[in-house]
Amino acid sequence: MKVVAFARKEQGTGASRRLRNAGQTPGIIYGGTEPAVSISLDHNALFHALKKEVFHSSILDMDVDGKVEKVLLRDFQMHAFKQLVLHADFQRVDANKKIHVKVPLHFINAENSPAVKLSAAVISHVAVELDVECLPADLPEFIEVDLSKVEAGQSVHVSSLKLPKGVSAVVHGDDATVAIAVKPAGATSAEADAK
């Protein structure tokens, strides 16, 4: 995904306010061996790009005044109540160094699982993203969690996820739970009444 930005010389609150009034968003590119660069981006393009999941979990081609760098969106600040992006932070990416990124989880086949079809259970998503470590070229857009074999009372853990080649999960502590299938309280009492 390509992002166009412009280097900016002026810094400070007043300069940032003037940029925002002109339809621009201030930002910064940091990391790697080069010094940090202050940039400005088109606000509307950035605002709409931030709505796309792929923008948050992909290596971006940042074109700053004709020089293209590989970067990763690290942070952005939104206005408290206006639809306004206040600032965006991007980190340079080295193709030979592993990166640590949060990748979204996509849950599939929940409607086909025995927990839902046979037991009227509800599958709760305990996590919606996963910390992964990989080389930039191996970074997945998302990770699929197949729920087709989950039964009532069972849970899906990080260790049971099928990760793409070259990608490893960063788990702190025990094997974290990703999803769990539970019977709603009303369903159990309805079954008891039927007996």
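1. Is Asp-131 buried or exposed? Asp-131 is buried, with a relative accessible area of 17%, where buried means under 20%, exposed over 50% and partly exposed in between (1.4 Å probe, protein chains only). This is a predicted model, in which local features need pLDDT of at least 70 and side-chain atom pairs count only at pLDDT 80 or more, while totals for chains, interfaces and linings use all residues. Residues are numbered from 1 along each chain as its sequence is written, and side-chain values use heavy atoms, with hydrogens and water left out.

2. Asp-131 and Lys-102 meet through their side chains in a salt bridge of 3.2 Å, N to O, the term denoting a side-chain nitrogen of Lys or Arg within 4 Å of a carboxyl oxygen of Asp or Glu. This pair links distant parts of the chain, with Lys-102 in strand 7 (residues 99–108) and Asp-131 in strand 9, 29 residues apart; strands here are DSSP runs (E, at least two residues), numbered from the N terminus. Lys-102 counts as partly exposed, at 43% relative accessibility.

3. Another salt bridge joins the side chains of Lys-2 and Asp-63 (3.6 Å, N to O). Because Lys-2 lies in strand 1 (residues 2–7) and Asp-63 in strand 4 (residues 60–64), the pair ties together parts that are 61 residues apart in sequence. Lys-2 is exposed at 56%, whereas Asp-63 is buried at 14%.

4. Ser-38, found in strand 3 (residues 37–42), counts as buried at 13% relative accessibility. Its side chain makes a polar contact of 3.0 Å with that of Gln-11, a polar contact being a pair of N or O atoms within 3.5 Å; within protein, one must be able to donate a hydrogen and the other to accept it, and residues adjacent in sequence count only if both atoms are side-chain atoms.

How values were computed: Helices (H or I, at least four residues) and strands (E, at least two) are DSSP runs, numbered from the N terminus.
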